[in-house]
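Visitor: I am new to this structure and would like to be shown around it slowly. Could we go through it with questions and answers?

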Amino acid sequence: MEKIYGASAAQDGVVKVSNKSYILFFGYGEDSMGGYNYRHRFDHKPTVDELRSVIESHVNTLTQERIVGGYRWKGKQVWLSGENQQNYTSDYLAGKLPVKVRVYYPDADASGTVAFIETPEELEDFYHGMVAHVRMCIEDGWSVKDSVDYDNLLNQIDE
């Protein structure tokens, strides 16, 4: 799905453009460029299953992006790739210190900076914060997916 700027609110629905063109609008967000909705084009009238597939795939992608790039520890962004999550979990379970954590500063280059977790208390704080962040992102994703009324999206199409 692609971002379409100029929105001020969610406009969830499917619009019939022509007999062979339908557009799904979904979600709402804001960033430095303003408010936006997401858009997906179909070359036919979509089915509920097609809408569900597109929307759930999109929400899963946004959830994963939020997990990976949205965790902050001590005010710094931490990159939580799947591999990093596994490594941090292993370090926590083993009680291994010091732990290297790559943190990112907004104005720094993309390589980031390495910080070290030196104490068991810091390790516990970091790990529990990471787990809470991941759980919150997943729960938020499920909440979005559960709130979609796919039949209503299709019923909005003017034939």
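The conversation below goes from the sheet to an aromatic pair and then to the helices.

Guide: Please keep in mind that this is a predicted model, in which local features need pLDDT of at least 70 and side-chain atom pairs count only at pLDDT 80 or more, while totals for chains, interfaces and linings use all residues. Residues are numbered from 1 along each chain as its sequence is written, and side-chain values use heavy atoms, with hydrogens and water left out.

Visitor: In what order do the strands of the open sheet stand?
Guide: Strands here are DSSP runs of E with at least two residues, helices are runs of H or I with at least four, and both are numbered from the N terminus. Two strands pair if DSSP finds at least two bridges between them. The open sheet has four strands with antiparallel pairing, and their order is β1-β4-β3-β2.

Visitor: Why is one side of β1 and of β2 left without a neighbour in the sheet?
Guide: In the order β1-β4-β3-β2, the strands β1 and β2 each have a single partner strand, so one side of each is left without a neighbour, because both stand at the edges.

Visitor: Which residue of β3 is the bridge partner of Gly-13?
Guide: Strand β2 (residues 13-18) and strand β3 (residues 21-31) run antiparallel and are joined by five bridges, and they form a hairpin with two residues between them. Val-14 has Leu-24 in β3 as its bridge partner, whereas the partner of Gly-13 is Phe-25.

Visitor: Which residue of β4 is the bridge partner of Leu-24?
Guide: A hairpin joins β3 to β4 through two residues, and eight bridges hold between these antiparallel strands. In β4, the bridge partner of Leu-24 is His-40.

Visitor: What is the angle between the planes of Tyr-5 and Tyr-36?
Guide: Rings of Phe, Tyr and Trp (its six-membered ring) pair if their centres lie within 6.5 Å, and planes under 30 degrees apart count as stacked, over 60 as edge-to-face and the rest as tilted. A search of the whole structure finds six aromatic pairs. One of them is formed by Tyr-5 and Tyr-36, an edge-to-face pair with 5.6 Å centre to centre and an angle between the planes of 65°.

Visitor: How many residues apart in sequence are the parts that this pair ties together?
Guide: Four bridges join β1 to β4, which run antiparallel. Tyr-5 lies in strand β1 (residues 2-5) and Tyr-36 in strand β4 (residues 34-42), so the pair ties together parts whose separation in sequence is 31 residues.

Visitor: How are α2 and α3 oriented to each other?
Guide: Axes are lines fitted to C-alpha atoms, for helices over the stretch in contact, and angles run from 0 to 180 degrees between N-to-C directions. Angles under 35 degrees count as roughly parallel, over 145 as roughly antiparallel, 65 to 115 as roughly perpendicular and the rest as oblique. Helix α2 (residues 82-94) and helix α3 (residues 120-147) pack at about 140°, with axes 10 Å apart, and the two are therefore oblique.

Visitor: How is α1 oriented to α3?
Guide: Helix α1 (residues 48-69) packs with α3 at an angle of about 160°, and their axes are 9 Å apart. The orientation of α1 to α3 is therefore roughly antiparallel.
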